[in-house]
Amino acid sequence: MAEIFITRKVFQDAIDILDKEGHTIDINDTDRILPASELVNRAHGKAGLVCLLNDRIDSWVMDELTSIKVISNIAVGYDNIDIAGATERGIMVTNTPGVLTETTADLAFAMLLGAARRIPEADQYTRAGKFKNWQLMQPHMGVDIYEKTLGIVGMGAIGQAVAKRAKKGFDMRIIYYGPSKKESAEKEYEAEFVEFDELVATSDFISIHVPLTEKTKHMFSTQEFKDMKSTAILINTARGPVVDEAALVEAIKHGRIRGAALDVFEEEPSIYPELINLKQNVVLTPHIGSASIETRLRMAKMAARNMVEGLKGNRPPNLINEDVSPHRSRPT
Ligand code: DGY
C-alpha cells in the first residue's frame, strides 16, 4: 500500500485499478496544469506520481520528491521527464506505448487529408452561408493524395501505421528516413529508405513521427523548407519543437511549401501567432493524436497498471529506463 499523486483528471477505471491494490490516491481532479511548486507540494511524501505529457518532471522536482519510486507518464512520449535524472535517482519511469499507435496514425492521415483537400476552410465557408452554387473553379480546390509520394520521418510503430494507410488506402509511394531500416515496412508497404535530404526534396507530403530529442529539435527549419517541393505539405503529430514554427510560417507565406497540418506546437498550449492567421492549406488541432475515447481510456489504464507493478517492486511492463534497478529503493 502506497500513496500516489495523480496530476490531472483521469478516467475512474484507472483510479479503480490503483484503489483495488489498496493505494491511497490524491488527485488534482481538474484540467489545470499545476505549477511545478504546487505539483511538488501535492506529491510530497508520495511513492507514486502519475503525470501527463505537459507536466515537466525535471531533476530538481525529483530532488524535492525524495520518496517517489515510480513515475507513470500517461503518454508514449516522455520528453517531459528527465529520464537520466530519474535513473540516477533510482526512480522507475513508464509510458504507454502501442495502445495509441493506430489512433495517432488515423489522426495523422486525417490531418494530411484535411490540409490537402482544405476541409476546415471548406467547412467554415459552408457554415458562413457562402455555398451559393457548385463551381468548376471552386475556391477550395485542393490537391490529390492518391499515388503521391509520402515521406515518413521516423518509421517506428506510428510511422508504419501511417504507411499502412497510405499504401493500402491511397496507393501512395512511401519513402522513409530514420535511424534504422525497417524491413517489415519495406516488405509490407514497399517503403524505400532514403537519406533525409532526399526525403525532404522529393516528398509531396511529409509526416513526422520522431520523438523530441536534441537531435530532432528543429529538424525542419529554413533550409528544409527551401529544399521541399513548393507543392509539399508537412504534417506533424509528433512533438512541436521538431518543427521551427517561425521558419514554417515564413515558408508558407512565401509559397516555399504549400501548407501544413499541425497537431503539436513548439510552446503548447501557445500557438505561434502568425500560424493562426495562416488559413489556406493549414490545419491546426490541439494535440489530439491519441484522443479517441477508447485509446485515452487504454492509456490511463496502462499507466495505472505500470504504477501498480512498479510499486510492488516488479519491473513494470512499460519501463523506459531499463537500466534502473526496480528493486533499488531511492536514496533519500
Ligand atoms: C503521446 O502519448 O505522446 C501523445 O503525444 C499523446 O497524444
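Before you click anything, one definition: the domain bounds used here come from an automatic or database domain assignment. Also keep in mind that this is a predicted model.

Start by colouring domain 1 (3–99 + 293–320) and domain 2 (101–284) separately. Both of them give residues to the lining of the second largest pocket, so that pocket lies between the two domains.

Now zoom in on the pocket itself, which holds about 500 Å³ of space. Its lining has 20 residues; select Arg56, Asp79, Leu212, Pro241 and Glu266 and you have the ones closest to its centre. What is the make-up of the lining, in nonpolar, polar and charged residues? Count six nonpolar, five polar and nine charged.

Next, switch to cartoon view and find the open sheet of five strands. Reading across, the order goes S2-S1-S3-S4-S5, and the pairing is parallel. Pick out S2 (24–27) and S5 (92–94): these stand at the edges with a single partner strand each, so each has one side left without a neighbour in the sheet. From one strand to the next, the twist averages 15°.

For a closer look, select S1 (residues 3–6) and S3 (residues 48–51), a parallel pair joined over three bridges. Show side chains for Phe5 and you'll find Leu49 of S3 opposite.

Last stop, the helices. H1 (residues 12–20) packs on the sheet, where it touches S1 and S2, and its direction makes about 150° with that of S2. Then select H2 (residues 36–43), which lies across S1, S2 and S3 and runs at about 155° to S1.

Notes:
Residues numbered from 1 in each chain as written. Predicted model: local features only at pLDDT ≥ 70, side-chain atom pairs only at ≥ 80, totals over all residues. Heavy atoms only, no water. 1 Å grid on protein atoms, 1.4 Å probe; cavity = no way out; pocket = protein on both sides within 12 Å on 5 of 7 lines; lining within 4 Å. Points joined across faces, edges and corners; volume = space filled by probe spheres on them. Nonpolar A, V, L, I, M, F, W, Y, C, P; charged D, E, K, R; others polar. Pairing = 2+ DSSP bridges. Helix = DSSP H or I, 4+ residues; strand = E, 2+ residues; numbered from the N terminus. Axes fitted to C-alpha atoms, helices over the stretch in contact; angles between N-to-C directions. Contact = heavy atoms within 4.5 Å.
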